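Let's take a friendly walk through a protein fold. Have a look at the sequence and the structure first, and then read on.

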Amino acid sequence: MSALSPDIAAKIRASFARQGLMASFGATLARMEAGRVDIAADVAPAFSQQQGFAHAGMVFALGDSAAGYAALSVMPLEAEVLTVEMKINLMAPAAGRLLAAGRVLKAGRRLVIVAADVWSEGGDGARKQVAALQGTMIPVAA
């Protein structure tokens, strides 16, 4: 992948700052490149399920947003993207710090095929993959 133009990077940062759900999670943009965006967030008790693990909704939202911003990173400056569909495979319980790594698989004129892997990082630094997502984004006028 390659570096983002300053205008696209600024657009992604501004868009991310407007996302109430990401702000609620305390999520941050961890990495931005053309075709790749990573988002990180700690699993707080407010976003856990009954057994103390991250709720699947949090895992999905982080992966969907990371994949969406990866798609946005390869779009023209005047474009936005929306999720058309997204599939998730939950592979293990998630706790600690989550890192969602979104990437573009194929950018087309009408559709952008994306994927995201979500990793859980424990306090001991051990990392495990907890989810895999694949979906489709559609460019729309801003």
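Helices (H or I, at least four residues) and strands (E, at least two) are runs assigned by DSSP and numbered from the N terminus. Keep in mind that this is a predicted model.

Start with the sheet. Six strands make up an open sheet, in the order β1-β2-β4-β5-β6-β3, and their pairing is antiparallel. At the edges sit β1 and β3, each of which pairs on one side only. From one strand to the next, the twist averages 20°.

Here are some strands you can find in the model:

| Strand | Residues |
|---|---|
| β1 | 28–33 |
| β3 | 79–90 |
| β5 | 112–121 |
| β6 | 127–141 |

Strands β5 and β6 run antiparallel and are joined by ten bridges. Which residue in β6 is the bridge partner of Ile113? That partner is Thr136.

Next, look inside. In soluble globular proteins, nonpolar side chains tend to be buried together. In this model, the largest nonpolar core has 41 residues, and Phe25, Ile39, Met58, Leu62 and Leu98 are those with the most contacts inside it. Helix α3 gives the most to this core, with ten residues.

Finally, find the largest pocket, which holds about 180 Å³ of space. Its lining includes Ser15, Asp64, Tyr69, Glu80 and Met137. Both α3 and β3 supply at least two residues of that lining, and α3 gives the most, with five residues.

How values were computed. Residues are numbered from 1 along each chain as its sequence is written. This is a predicted model: local features need pLDDT of at least 70, side-chain atom pairs count only at pLDDT 80 or more; totals for chains, interfaces and linings use all residues. Side-chain values use heavy atoms; hydrogens and water are left out. Two strands pair if DSSP finds at least two bridges between them. Axes are lines fitted to C-alpha atoms, for helices over the stretch in contact, and angles run from 0 to 180 degrees between N-to-C directions. A nonpolar core is a set of buried Ala, Val, Leu, Ile, Met, Phe, Trp, Tyr and Cys residues joined through side-chain atoms within 4.5 Å. Buried means under 20% relative accessible area, exposed over 50%, partly exposed in between (1.4 Å probe, protein chains only). On a 1 Å grid over the protein atoms alone, a cavity is a set of points where a 1.4 Å probe fits but cannot get out, and a pocket is an open set with protein on both sides within 12 Å along at least five of seven lines; lining residues have an atom within 4 Å of a point. Grid points are joined across faces, edges and corners, and a volume is the space filled by probe spheres set on the points.
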